[in-house]
Number of protein chains: 2
Amino acid sequence: MQTSDIFELLRDGRPRTRTQLAQLTGLARSTVAARIDVLVRLGLVAPYGDAASTGGRPPSLFAFNPGAQVVVGVDIGATHARAVLADLSGALLAETRAPLDVAAGPEEVLGWVRRTVDELVGADAARLGAIGMGLPGPVEHSTGRPINPPIMPGWDRYDVVGHVQRHHPVPVLIDNDVNIMALGEQRTHWPDVDDLVFIKVATGIGAGIISGGSLQRGAQGTAGDLGHVRVSRADGMVCRCGNEGCLEAIAAGPAVAARLREAGADVTGSQDVVELIRAGDLAAVQAVRDAGRDIGEVVATLVNLINPSVVVIGGRLAAAGEQLLAGIREVVYRRSLPLATEHLRVVPSAAGEQAGVLGAAALAIGHVLSPAAIEVASASVGSKVGGRAAK
Amino acid sequence: MQTSDIFELLRDGRPRTRTQLAQLTGLARSTVAARIDVLVRLGLVAPYGDAASTGGRPPSLFAFNPGAQVVVGVDIGATHARAVLADLSGALLAETRAPLDVAAGPEEVLGWVRRTVDELVGADAARLGAIGMGLPGPVEHSTGRPINPPIMPGWDRYDVVGHVQRHHPVPVLIDNDVNIMALGEQRTHWPDVDDLVFIKVATGIGAGIISGGSLQRGAQGTAGDLGHVRVSRADGMVCRCGNEGCLEAIAAGPAVAARLREAGADVTGSQDVVELIRAGDLAAVQAVRDAGRDIGEVVATLVNLINPSVVVIGGRLAAAGEQLLAGIREVVYRRSLPLATEHLRVVPSAAGEQAGVLGAAALAIGHVLSPAAIEVASASVGSKVGGRAAK
DNA sequence: CATACTTTTGTCGAGCACCGAACGAAAGTT
DNA sequence: AACTTTCGTTCGGTGCTCGACAAAAGTATG
């Protein structure tokens, strides 16, 4: 019983009549009516009033009901955490953030998650459908376990899903933070783009790659690691990864700050650099633009390799305005192949700091509204009165 | 009627009894028997004798019948073309090759294709299921049209599929030559690997990327272009693409040959370089190893970005033995992240010169045996005696 | 304002696919 | 030769889907 294919049509939010759906699917009107009935009983679809009559009885409209359930999206950063409550359309209903050190370990961080989820869902606990979460390190998506995360002591192979489900018995989806930012940006601002790369420039540098419409995680879930690619201008610079010549050693927030500090400025992190730029400091503008050029070299390579149609630049250092973007664009359009750049757009993140939580919520929504999940749910309320289900 | 899910189980070639299939699928034995019957009538499955008795009547076995249809795989190179006849298991039945200049234009090249297909299939024309073809340039896979191919004058947006189908009215699948090489290598030698990158080093340098189990073609179908990525050692070298500093300008076959020519050797192309190395020429060994290091720099970046579990090195320059591979390995294992290289294998192509045609055949087989195609075929011989089909 | 017309809706019987059980047949064992 | 075990097939039942029909709820028309 394919209830999901009717739902897929309604998922865009546009209300439709039963007759329209029958024409779109090729099914009989009576079949459509039965499936709509199931979806209405599940709450996923709701009556939407009557359409204008075309001469006879006005048809009743049905539309996706985003309020049927809620999801929580959590974005755990290195030093800050953020969580949102969203409905099934991805619209934000509430938002929380807090300073939170991921190095404090899973118990502490997941404790905050538990309390925050409780607080966000409040009385709607029964309508919570899933939780999506991003972590700042490599994650094996299928199991939800962090794998050798460099800045997350105590988290290695920790059973995050199991811990969260102890208090919130709903599906829990975990992914890398850059991956969920890519997802958030794509779902909210580039819904029709199948090949999008999100570049995060902050304390580290990473990329989330959506290719052919789906997130590419690679064999070990470490795909998109831009930060430790070698660039010529970083030759001799030692990186925290132990190697030398890494992009991160010259173009990430700390590297830019260090360079300005050598020149006498009082800066310690990405945030200070951003403030200097906002204040119009020419040395800072220059340094960030140079960082953009370095990143651009690697992005140019990435464009040749992946051939995306949109590259989104985000992360704290990108918040400084157009300087970083300008540097990246300059190099990418000079270095990448004409065919690959012909329709390429390199744009700043539109979701900004919310990209992560939006993506985490999108991950959760994607799970709740997946065809498989719809089928399972519809079987429980289906019209199988005396069915074979008890076999 | 999901005949295809029974077929998917049998596709591995292992013979099974009806009872086994019923247990594997959860379907009733009678249903399995009916579907087996359809598959046998289609020829895709054939009786395989009886299994040993376990005390009673011995069950009869059924197995995938690769001889039900044949496919042709065509690999058009810059100056040579190759074609094979294969059965549905991918086993080669016949092979042809010929010197053929792709720059002669589509009419001439596709004329050769038509004659070669006729010759290969011979009396089996009725059993030809599909044709797969690789072209040496960017191809829009969905339409099968080359897009601005640099070395294929007259081919731009040419309707290759239409032309071939005029004489051979079967599905025709077109893709980039490196993509089909990646597919060929994966299907024949790494069937369980979902993340594989094939690097072709010859007159040009390119990569075919299989990620998450499927070929990644990118937004314009130009994904995997390694050749025009910038490497530091190529600074100042002008490339045929117009840019400077490209990997291809220093590490591809012509570049290596040019370097040896400067040193006084009599070489013009990749083939001469390979022969020099086979003859034990130290300068050639050195030059190819250096080329390997340059390529390794880009492959290291690729490994960080894509995180494959296998990197296959192929192409004419790779045929020279271990030198190129050694250079690539040296840099990749030094430059890529430990987590990404922990389980990474960098290996020479096992399919060698046949990678392309094998992949082209695999593309064709994948189309013929796709669940959708099976369903369509089974509907025509299905047990629908008085069914609703006449609607 | 009543009537005819148009269009949608809900219900109902029919057909088909699939399932499970039962039965006869085949092949090996005692 | 009788028994056991498994196979292959047939048969009735059930649910899903479809097309048809009457009721419902509007709009045009006199």
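A: Strand E10 of chain A covers residues 172–176. In this predicted model, five of its five residues are buried. Across chain A, 50% of the 391 residues count as buried.

Start with the pairing. Strand E7 (residues 128–135) of chain A runs parallel to E10(A), and five bridges join the two. Within this pair, A:Asp175 of E10(A) has A:Gly134 opposite.

The pair belongs to an open sheet of five strands in chain A. The order is E6-E5-E4-E7-E10, and the pairing is mixed. E10 and strand E6 (92–99) of chain A are the edge strands; each has a single partner strand, so one side of each lacks a neighbour in the sheet. Neighbouring strands here are turned against each other by 15 degrees on average, with direction ignored.

Elsewhere in this sheet, strand E4 (residues 70–76) and strand E5 (residues 80–87) of chain A pair antiparallel over seven bridges. There, A:Ala81 in E5(A) faces A:Ile76.

Now the helices. Helix H5 (residues 160–167) of chain A lies across E7 and E10 of chain A. The angle between H5(A) and E10(A) is about 145 degrees. H6(A) also lies across E10 of chain A, together with E4 and E7. H6(A) runs at about 105 degrees to E10(A).

Strand E14 (residues 310–314) of chain A pairs with E15(A) in the parallel sense over four bridges. A:Val347 in E15(A) sits opposite A:Val312.

Step back to the chain. Chain A holds 14 helices and 15 strands. The domain assignment gives domain 1 (3–64), domain 2 (68–170 + 355–371) and domain 3 (190–350). The centres of domain 1 and domain 3 of chain A, taken over C-alpha atoms, are 46 Å apart. Along its principal axes, the C-alpha trace of chain A spans about 75 × 50 × 40 Å. Of the contacts in chain A between residues at least 6 apart in sequence, 62% join residues at least 24 apart.

Last, the second copy. Chain A superposes on chain B by a rotation of 180 degrees, with 0.1 Å of shift along the axis and an RMSD of 0.1 Å. That is the relation of a two-fold axis. The residue of chain A that comes closest to the rotation axis is A:Ser232, at 3.2 Å (C-alpha). Both copies use the same surface: 97% of the contact residues of chain A recur in chain B.

The contact draws 34 residues from chain A and 34 residues from chain B. Helix H10 (282–306) and helix H12 (338–341) of chain A each supply at least two residues on the chain A side. H10(A) gives the largest share of that side, six residues.

Conventions:
Residues are numbered from 1 along each chain as its sequence is written. Chains are lettered from A and ligands numbered from 1 in the order in which they are written. This is a predicted model: local features need pLDDT of at least 70, side-chain atom pairs count only at pLDDT 80 or more; totals for chains, interfaces and linings use all residues. Two strands pair if DSSP finds at least two bridges between them. Domain bounds come from an automatic or database domain assignment. A residue is buried if 20 or more other C-beta atoms lie within 10 Å of its own, exposed if 12 or fewer, and partly exposed in between; C-beta atoms are placed from the backbone. Two residues are in contact if their C-beta atoms, placed from the backbone, lie within 7 Å. Copies are superposed by least squares on the C-alpha atoms of residues with pLDDT of at least 70 in both. Axes are lines fitted to C-alpha atoms, for helices over the stretch in contact, and angles run from 0 to 180 degrees between N-to-C directions.
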